[in-house]
Amino acid sequence: MPKIVMHKNGQAHAGEVKENTNLVVRAGIKQFPFPNLSYGCGMGKCGKCTSRILSGAEHLPEPNWKEKKVLGEHIADGCRLICQLWITHDLELSQDGIPAIVPSRPAAA
Ligand code: FES
(Lines give C-alpha, C1' and ligand atoms only; values in the text may rest on other atoms or scores of the structure.)
Protein backbone atom coordinates (compact mmCIF):
# COMPACT_ATOMS: atom_id res chain seq x y z
CA MET A 1 0.00 0.00 0.00
CA PRO A 2 1.34 3.45 -0.86
CA LYS A 3 2.71 5.40 2.08
CA ILE A 4 1.91 9.10 2.10
CA VAL A 5 3.75 11.78 4.01
CA MET A 6 2.06 15.13 3.94
CA HIS A 7 3.64 18.31 5.25
CA LYS A 8 1.31 21.05 6.41
CA ASN A 9 1.87 23.96 8.76
CA GLY A 10 5.34 22.70 9.57
CA GLN A 11 4.15 19.25 10.63
CA ALA A 12 4.45 15.91 8.85
CA HIS A 13 1.40 13.64 8.70
CA ALA A 14 1.92 10.07 7.57
CA GLY A 15 -0.51 7.39 6.53
CA GLU A 16 -1.10 4.46 4.20
CA VAL A 17 -3.71 4.42 1.48
CA LYS A 18 -5.05 1.80 -0.92
CA GLU A 19 -3.54 1.72 -4.35
CA ASN A 20 -5.32 3.92 -6.89
CA THR A 21 -6.54 6.27 -4.21
CA ASN A 22 -7.42 9.91 -4.71
CA LEU A 23 -6.42 11.90 -1.63
CA VAL A 24 -9.11 14.56 -2.11
CA VAL A 25 -11.80 11.87 -2.32
CA ARG A 26 -10.41 10.35 0.88
CA ALA A 27 -10.34 13.70 2.66
CA GLY A 28 -13.96 14.19 1.55
CA ILE A 29 -14.96 11.10 3.52
CA LYS A 30 -12.84 12.20 6.46
CA GLN A 31 -10.02 9.70 6.01
CA PHE A 32 -6.30 10.49 6.00
CA PRO A 33 -5.07 13.07 4.98
CA PHE A 34 -8.21 14.69 6.46
CA PRO A 35 -8.23 17.25 8.09
CA ASN A 36 -4.82 18.42 6.93
CA LEU A 37 -5.33 18.51 3.17
CA SER A 38 -6.66 21.76 1.77
CA TYR A 39 -8.94 21.31 -1.23
CA GLY A 40 -12.04 22.76 -2.82
CA CYS A 41 -13.82 21.73 -6.01
CA GLY A 42 -12.28 18.28 -6.46
CA MET A 43 -12.53 18.90 -10.21
CA GLY A 44 -9.24 20.52 -11.15
CA LYS A 45 -10.63 24.04 -11.26
CA CYS A 46 -10.03 25.95 -8.01
CA GLY A 47 -6.36 25.21 -7.32
CA LYS A 48 -6.96 24.84 -3.57
CA CYS A 49 -5.51 21.32 -3.49
CA THR A 50 -2.21 22.47 -4.99
CA SER A 51 0.70 20.65 -3.39
CA ARG A 52 4.39 20.45 -4.08
CA ILE A 53 5.62 16.92 -4.63
CA LEU A 54 8.74 16.29 -2.54
CA SER A 55 9.32 12.69 -3.54
CA GLY A 56 7.61 10.09 -5.69
CA ALA A 57 6.88 12.44 -8.60
CA GLU A 58 8.46 9.95 -10.98
CA HIS A 59 5.52 7.60 -10.39
CA LEU A 60 2.88 10.19 -11.21
CA PRO A 61 1.35 10.62 -14.66
CA GLU A 62 2.12 13.71 -16.68
CA PRO A 63 0.02 16.73 -15.64
CA ASN A 64 -3.34 16.72 -17.39
CA TRP A 65 -4.84 19.73 -19.18
CA LYS A 66 -6.61 20.96 -16.07
CA GLU A 67 -3.36 20.99 -14.11
CA LYS A 68 -1.60 22.79 -16.94
CA LYS A 69 -4.38 25.37 -17.11
CA VAL A 70 -4.54 26.03 -13.35
CA LEU A 71 -0.89 25.61 -12.38
CA GLY A 72 0.90 26.91 -15.45
CA GLU A 73 4.53 27.66 -14.64
CA HIS A 74 4.17 26.21 -11.13
CA ILE A 75 4.28 22.71 -12.59
CA ALA A 76 7.99 23.29 -13.18
CA ASP A 77 8.33 23.95 -9.42
CA GLY A 78 6.91 20.51 -8.65
CA CYS A 79 3.32 21.61 -7.99
CA ARG A 80 0.41 19.32 -8.83
CA LEU A 81 -3.35 19.35 -8.31
CA ILE A 82 -3.87 16.53 -5.84
CA CYS A 83 -7.51 16.10 -6.84
CA GLN A 84 -6.31 15.02 -10.30
CA LEU A 85 -4.00 12.27 -9.05
CA TRP A 86 -4.71 8.65 -8.28
CA ILE A 87 -1.91 7.42 -6.06
CA THR A 88 -0.20 4.14 -6.88
CA HIS A 89 3.19 4.60 -5.15
CA ASP A 90 4.71 6.20 -2.06
CA LEU A 91 4.41 9.96 -2.16
CA GLU A 92 5.67 12.86 -0.08
CA LEU A 93 4.00 16.21 -0.58
CA SER A 94 3.71 19.60 1.02
CA GLN A 95 1.08 22.30 1.17
CA ASP A 96 3.44 24.70 2.94
CA GLY A 97 4.75 27.64 0.95
CA ILE A 98 2.44 27.01 -1.96
CA PRO A 99 2.02 29.96 -4.31
CA ALA A 100 -1.44 31.49 -4.45
CA ILE A 101 -2.96 29.93 -7.52
CA VAL A 102 -5.39 32.01 -9.48
CA PRO A 103 -6.97 29.79 -12.10
CA SER A 104 -6.83 31.37 -15.49
CA ARG A 105 -10.18 32.27 -16.83
CA PRO A 106 -11.19 32.16 -20.45
CA ALA A 107 -11.06 35.58 -22.03
CA ALA A 108 -14.40 37.29 -22.24
CA ALA A 109 -15.97 36.92 -25.64
S1 FES B 1 -9.74 20.68 -5.35
FE2 FES B 1 -10.11 22.29 -6.79
S3 FES B 1 -8.46 22.03 -8.17
FE4 FES B 1 -8.19 20.35 -6.81
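Which residues form the covered face of β5, and which the uncovered one? In this predicted model, the covered face of β5 consists of Leu 91 and Leu 93, whereas Glu 92 and Ser 94 make up the uncovered face. Residues are numbered from 1 along each chain as its sequence is written. Because the model is predicted, local features are given at a pLDDT of at least 70 and side-chain atom pairs count only at pLDDT 80 or more, while totals for chains, interfaces and linings use all residues.

The secondary structure of the protein comprises 2 helices and 5 strands, where helices (H or I, at least four residues) and strands (E, at least two) are DSSP runs numbered from the N terminus. Read from the N terminus on, these elements follow the order β-β-α-β-α-β-β. The C-alpha atoms of the protein occupy a box of roughly 45 × 25 × 25 Å, taken along the principal axes. For 109 residues a compact globule would have a radius of gyration near 13 Å, and the 13 Å found for the protein agrees with this; the radius is taken over C-alpha atoms, and the globule rule is 2.2 Å times the number of residues to the power 0.38. Buried residues account for 25% of the 109 residues, a residue being buried if 20 or more other C-beta atoms lie within 10 Å of its own, exposed if 12 or fewer, and partly exposed in between, with C-beta atoms placed from the backbone. Among contacts between residues at least 6 apart in sequence, 60% join residues at least 24 apart, where a contact requires that the C-beta atoms, placed from the backbone, lie within 7 Å.

The 5 strands are arranged in an open sheet with the order β2-β1-β5-β3-β4 and mixed pairing, two strands being paired if DSSP finds at least two bridges between them. The edges are taken by β2 (11-16) and β4 (79-81), each of which has a single partner strand, so that one side of each is left without a neighbour in the sheet. Neighbouring strands of this sheet are turned by 35° against each other on average, with direction ignored; the axes behind this value are lines fitted to C-alpha atoms, for helices over the stretch in contact, and angles run from 0 to 180 degrees between N-to-C directions. In general, strands of a sheet pair through backbone hydrogen bonds, either parallel or antiparallel.

Strand β5 (residues 91-94) pairs with strand β3 (residues 50-55) in the antiparallel sense over 3 bridges, and with strand β1 (residues 3-8) in the parallel sense over 4 bridges. Leu 93 of β5 is the bridge partner of Met 6 and also that of Ile 53. Glu 92, on the uncovered face of β5, stands opposite Ser 55.

On its other pairing, β1 is joined to β2 by 6 bridges, and the two strands run antiparallel. Val 5 stands opposite Ala 14 in β2. Strand β2 is hardly covered, the count of buried residues among its 6 residues being 0. The two strands form a hairpin with 2 residues between them, and Asn 9 in the turn has a positive phi of about 55°.

Most residues other than glycine have a negative phi, and most peptide bonds are trans. Asn 9, however, has a positive phi although it is not a glycine; this residue is exposed because 8 other C-beta atoms lie within 10 Å. Asn 20, in the loop between β2 and α1, likewise has a positive phi, near 65°, and is counted as exposed because 9 other C-beta atoms lie within 10 Å.

The loop between α1 and β3 contains Pro 33 and Pro 35. The peptide bond from Phe 32 to Pro 33 is cis, with omega near 10°, and a cis peptide bond also joins Phe 34 and Pro 35, with omega about 0°. Cys 46 lies in the loop between α1 (23-28) and β3, and counts as partly exposed because it has 16 C-beta neighbours inside 10 Å. Between Cys 46 and Asp 77 there is a separation of 31 residues in sequence and of 19 Å in space, C-alpha to C-alpha.

Conventions. Two residues are in contact if their C-beta atoms, placed from the backbone, lie within 7 Å.
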